[in-house]
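Dear colleague,

Please find below the structure that I am passing on to you.

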Amino acid sequence: MQNRLRLWAWKSLLVAICLGMAVSALGAEIAQEKKTIHIINRLSFGPTPGEVERVSALGISAYIDEQLAPDALDESPLLEERLKSLKTVSLDAVELFRAYGPKKLKPGETIGKDELMENRARASIILLEASLEKMWRATTSRRQLQEVMIDFWYNYFNVDAAHGLTRLWAGAYMSEAIRPNALGRFEDLLMAVVKHPAMLIYLENWKNTDPASPKAKGPFSVLDDTFARVLLHMYTLGDPSVFKKEDVQTVARVFTGWTVGAQKSRQDNNGFAFDSERHDTEDKIFLGTPLTAQGIEEGHEVLHMLVRHDATARHVCFALAQRFVNDTPPKELVDRMAHVFSESGGDIAEVLRTMFTSPEFFDEKAWLSKIKTPFHFVVSAVRATGAPLREVAPLVGMAQLLNMPLFLAPDPDGYPLLRKDWITPGAVNARIHFGLDLCAMKLPLFRDADEEVVRTALTPAALEKTLGGALTTRTRKAADTASKEEAGAVVLASPGFMNY
């Protein structure tokens, strides 16, 4: 009974701290001793033991340079070994469809419900292995900023793996469209996203057809503006005052015929196909600019116009600043980032460098101002142990239990990233119980031989060293009143750990 009362007491204290936590007033700079852990927290999924000392010796500027050039960093042999065991992650979109897609039926042939369910169950390995890949890379990769940006861009350009054939391609979408462009040019990223079959299926553009087309039959009988609305509202311009309803319809017409299918010409690739017979061949006007009818090139021209628009620069840079600085980023910072975005042609790495070296980034208001999503939280917890992982499937399951199943955000704008969306008494309580299970070795994550190393790493003293002194006096007091088995979980559930 005494242990249960003590557990209830410190859980209540931590919930109260997290719910009531406020950020400092704008103006003061983060203290020098906090800067190292701040930059690690923002450019990675959390520090590992010894990371604060490594970055302190390397220097903050050099650490930023290192993370902005991920190809120069060797990956761990453990990560490479684990990824090789995931057979579906190396398959491209076409190979996945051929191996796991719907059975091709002969004329007059039908497929029974049982066989249909069996085919879908067999294909479920794709989503599982994509989730394992994402978790392995986030927990283990040395290229932490690249993994953070892949997570960010997938959420920004979200596709829901529960939507039709997207279940086959969510992982391929991440590896083919997002990963190669996560730190490159925004226009290349946008083009890769728009042409990927996962996006074409998710936002229904696969059936978008000029109603006057001779192929306007069945599912291809209407002009579908779903993709056009999301492209303008969420991915590029953002500001609804910049464009009109007619512009949305124009974009829908521009992208008629952008679909999925077998390659028929050089412009088709990896499941993307342009069907010229379903395309609107009339001249058009977009944002007051005439567009000459030129087939697929109209879409390329519109994407280029959107990327070069000032509203897109502000919209994208606001989203980046909101992820990396705080929930309400300063307008002055967003404006400077937008200027670099425009001047550099949408160079993502240069925009990030501008943000990471800005006074606003190191303002005291930014210190521990962001809340970790469930995915971020479980990844950072196991990274704090420093021990090599044997298995990550329990972490995939834990993200789902914490209401963030990987690749399954139901809406085009992905999972929310703001404090108000994740900090509730129930959510904090669930994170506390994850910490308790982790510290008690109830999750089969590590080799038996490493369990004592993990137990030591999860003591309050070791965690405080790993976290660079980010714990408050109230957290230390709560940890002191907890039992030896519970003390590490107190730290993992504290504001100094759940925030970054």
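This is a predicted model: local features need pLDDT of at least 70, side-chain atom pairs count only at pLDDT 80 or more; totals for chains, interfaces and linings use all residues.

Residues are numbered from 1 along each chain as its sequence is written, and side-chain values use heavy atoms, with hydrogens and water left out.

Helix packing

Two packed helices are described by the angle between their axes and the distance between the axes. Helices (H or I, at least four residues) are DSSP runs, numbered from the N terminus. Axes are lines fitted to C-alpha atoms, for helices over the stretch in contact, and angles run from 0 to 180 degrees between N-to-C directions. Angles under 35 degrees count as roughly parallel, over 145 as roughly antiparallel, 65 to 115 as roughly perpendicular and the rest as oblique.

Helix α12 (residues 226–235) packs against helix α13 (residues 245–254) at an angle of about 120 degrees, and their axes are 8 Å apart. The two helices α12 and α13 are therefore oblique to each other. In the contact (heavy atoms within 4.5 Å), α12 brings A228, R229, L231 and L232, and α13 brings D247, V248, V251 and A252. By class, the contact of α12 with α13 has 6 nonpolar, no polar and 2 charged residues. Here Ala, Val, Leu, Ile, Met, Phe, Trp, Tyr, Cys and Pro count as nonpolar, Asp, Glu, Lys and Arg as charged, and the others, Gly among them, as polar.

Helix α16 (residues 331–343) and helix α17 (residues 348–356) have axes that come within 9 Å and cross at roughly 150 degrees. Helices α16 and α17 are therefore roughly antiparallel to each other, and the crossing of α16 and α17 is right-handed. L333, M337, V340 and F341 of α16 make the contact with E350, V351, T354 and M355 of α17. The residues of this contact divide into 6 nonpolar, 1 polar and 1 charged.

For helix α6 (residues 93–100) and α7, the axes come within 10 Å and cross at roughly 150 degrees. Helices α6 and α7 are therefore roughly antiparallel to each other. The contact is formed by L96, A99 and Y100 of α6 together with R122, A123, I125 and I126 of α7.

Pockets

On a 1 Å grid over the protein atoms alone, a cavity is a set of points where a 1.4 Å probe fits but cannot get out, and a pocket is an open set with protein on both sides within 12 Å along at least five of seven lines; lining residues have an atom within 4 Å of a point. Grid points are joined across faces, edges and corners, and a volume is the space filled by probe spheres set on the points.

The largest pocket holds about 510 Å³ of space. Its lining has 20 residues, and Y156, A319, Q322, D413 and L417 lie nearest its centre. Helix α15 supplies the largest share of this lining, 5 residues. By class, the lining of the largest pocket has 10 nonpolar, 5 polar and 5 charged residues.

The second largest pocket holds about 390 Å³ of space. Of the 21 residues that line this pocket, T48, T139, T140, S141 and R383 are the closest to its centre. Helix α4 gives the most to the lining of the second largest pocket, with 3 residues. That lining has 7 nonpolar, 9 polar and 5 charged residues.

Cavities

The structure holds 5 cavities of 30 Å³ or more. The largest cavity contains about 250 Å³ of space. It is lined by 22 residues, of which D151, N155, M404, Y415 and L417 are the closest to its centre. Helix α8 gives the most to the lining of the largest cavity, with 4 residues. The residues of that lining divide into 14 nonpolar, 4 polar and 4 charged.

The second largest cavity contains about 60 Å³ of space. Among the residues that line the second largest cavity are L96, I126 and E133.

Yours sincerely

Note on methods. A crossing is left-handed if the near helix is turned anticlockwise from the far one by less than a right angle, and right-handed if clockwise.
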